[in-house]
Structure formats: C-alpha cells, structure tokens
Amino acid sequence: MWDLIRQIAAAVLISGGFFFLLVGSIGLIRLPDVYNRMHAVGKCDTLGNWLMLVGLMLLMTDLTSVVKLALIFALVATINPVITHVMAKTAYERGMDLVEGSFVLNTYSSFREEERRRERSGS
Amino acid sequence: MIESFLNIVTIGLVVVALLAMYRALVGPSAIDRVIAINIITTEIVMLILIYAFLGDTVHYIDVALVFVLGTFIATLCILKLLREGKLI
C-alpha cells in the first residue's frame with residue numbers, strides 16, 4: 001500500500017518534470033529571438049530537472065542514492081542560473097538582434113553605447 | 001507498472017532531445033546552438049538517472065554527477081571562447 005502511494009507520487013512528479021522539459025524544448029523551437037529562447041529554456045529546464053529529480057528520489061530506496069540525487073539537485077540549482085546569465089551577457093555583448101517590435105527599456109544599453117563611442121573615438 | 005511508465009518517459013525524453021537537436025542544427029547564431037546543446041545535456045543526465053533506476057545499477061548516479069560537472073565546464077569554455085576569442 002505504502003509502496004503504491006510512493007510510486008504514484010513519483011509518477012506524477014516525473015510527468016510534471018517531463019511536461020516542463022517538453023514546454024522548454026517547444027519554446028526553444030517556436031520563439032523568434034535569442035533572448036526569448038533563453039527565457040524559455042532557463043526556467044523550464046531547471047524546474048523540469050528538479051521535479052524529475054524529486055520523483056527519482058522517491059523511487060530510490062537506498063539512502064546513498066538519495067543523497068547523491070540531492071547533490072545533483074543542488075548542482076543544477078547553482079549551475080543553470082550561472083550558465084543562463086553568462087549566455088545572456090555574451091549575447092548582449094555580441095550585439096545580437098532583437099526581434100522586430102521589441103524595445104529596450106534599461107539604462108545599461110545607453111551606457112554601453114556611450115562607452116563604445118568613447119572607445120572608438122579614443123582609438 | 002512504474003517500469004513501463006519510465007520506459008515511456010525515456011522515449012519522450014529522446015523525442016524532446018531531438019526537438020532541441022533541430023534548433024542546434026538550424027540555429028542562426030552560435031548562442032542558439034549553445035542553448036540547444038545545454039538542454040540536450042540536461043536530458044542526457046535524466047536518461048542516465050532513469051536507467052540507473054531501471055537497470056538497478058546505482059553506480060550510474062556517479063556518472064550523472066560527473067556528467068553535470070563536465071557539461072558545466074564545457075559550456076563555460078565555449079562561452080568564454082565566444083566572448084574573448086581565445087580560451088587561455
């Protein structure tokens with residue numbers, strides 16, 4: 001009885017994680033822009049990973065395996081935001097095009113343009 | 001019951017990885033390809049973990065742990081190469 005409840009809870013969690021991974025991948029294909037694709041992947045990937053890892057933690061009976069899965073959980077929680085941040089910074093500094101109809105609403109971009117102009121006039 | 005469910009999830013993860021592979025093939029810029037490869041490695045980690053449960057070989061969890069760390073370093077190296085033009 002207890003085993004069946006545990007397996008059903010794990011199946012629900014793994015299905016949720018698979019749903020989020022599928023949505024992230026569809027967003028990776030459908031969205032028009034680098035930043036939009038990064039937005040789709042950066043959150044859906046992390047959440048899908050977490051749900052699937054928690055579901056597998058419920059399935060594993062060994063304490064060592066559960067602790068290793070928790071370690072992978074913590075690694076994903078730290079690695080994915082770092083990777084997404086560095087990718088967004090790289091795309092911004094390479095001056096990737098925004099999709100048509102979008103607009104920039106920060107002061108950082110004007111700062112960067114001013115800095116580039118100063119570099120160009122200085123050299 | 002849970003084994004057949006995990007087999008279906010395995011097939012679904014392969015399909016999702018193929019969807020991401022489409023973006024890695026036709027992506028217009030290099031950053032798109034880096035994003036697609038990143039999501040493919042995520043699904044490979046999940047496949048290794050599911051196989052570790054299905055085949056009852058718990059040592060494969062260590063393989064998944066090392067794979068996460070390796071892909072982190074690889075993606076950082078690719079992005080550093082894109083940003084600075086050289087690796088070291």
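A nonpolar core, as I use it here, is a set of buried Ala, Val, Leu, Ile, Met, Phe, Trp, Tyr and Cys residues joined through C-beta atoms within 7 Å. I'm working from a predicted model.

**Entry: chain B by itself.** I went through the secondary structure of chain B and got three helices and zero strands. From the N terminus the order is α-α-α. Next I checked the overall dimensions: the C-alpha trace of chain B spans about 50 × 30 × 10 Å along its principal axes. The radius of gyration of chain B is 15 Å, whereas a compact globule of 88 residues would come out near 12 Å. I also looked up burial, and 30% of the 88 residues in chain B are buried.

**Entry: where chain B touches chain A.** I found 34 residues of chain B and 38 residues of chain A in the contact. On the chain B side, α1, α2 and α3 each put in at least two residues.

**Entry: the largest core.** I looked up the largest nonpolar core, which has 42 residues. The ones touching the most other members are A:L28, A:V41, A:L56, A:M87, B:I35 and B:L49. Helices α1, α2 and α3 of chain A and α1, α2 and α3 of chain B each give two or more residues to this core. α2(B) gives the most, 11 residues.

**Entry: one residue up close.** I picked B:I35 and skipped its neighbours within four places in sequence. What's left in contact with B:I35 is A:L28, A:R37, A:M38, A:V41 and A:M87.

How values were computed:
Residues are numbered from 1 along each chain as its sequence is written. Chains are lettered from A and ligands numbered from 1 in the order in which they are written. This is a predicted model: local features need pLDDT of at least 70, side-chain atom pairs count only at pLDDT 80 or more; totals for chains, interfaces and linings use all residues. A residue is buried if 20 or more other C-beta atoms lie within 10 Å of its own, exposed if 12 or fewer, and partly exposed in between; C-beta atoms are placed from the backbone. Helices (H or I, at least four residues) and strands (E, at least two) are DSSP runs, numbered from the N terminus. Two residues are in contact if their C-beta atoms, placed from the backbone, lie within 7 Å. The radius of gyration is taken over C-alpha atoms; the globule rule is 2.2 Å times the number of residues to the power 0.38.
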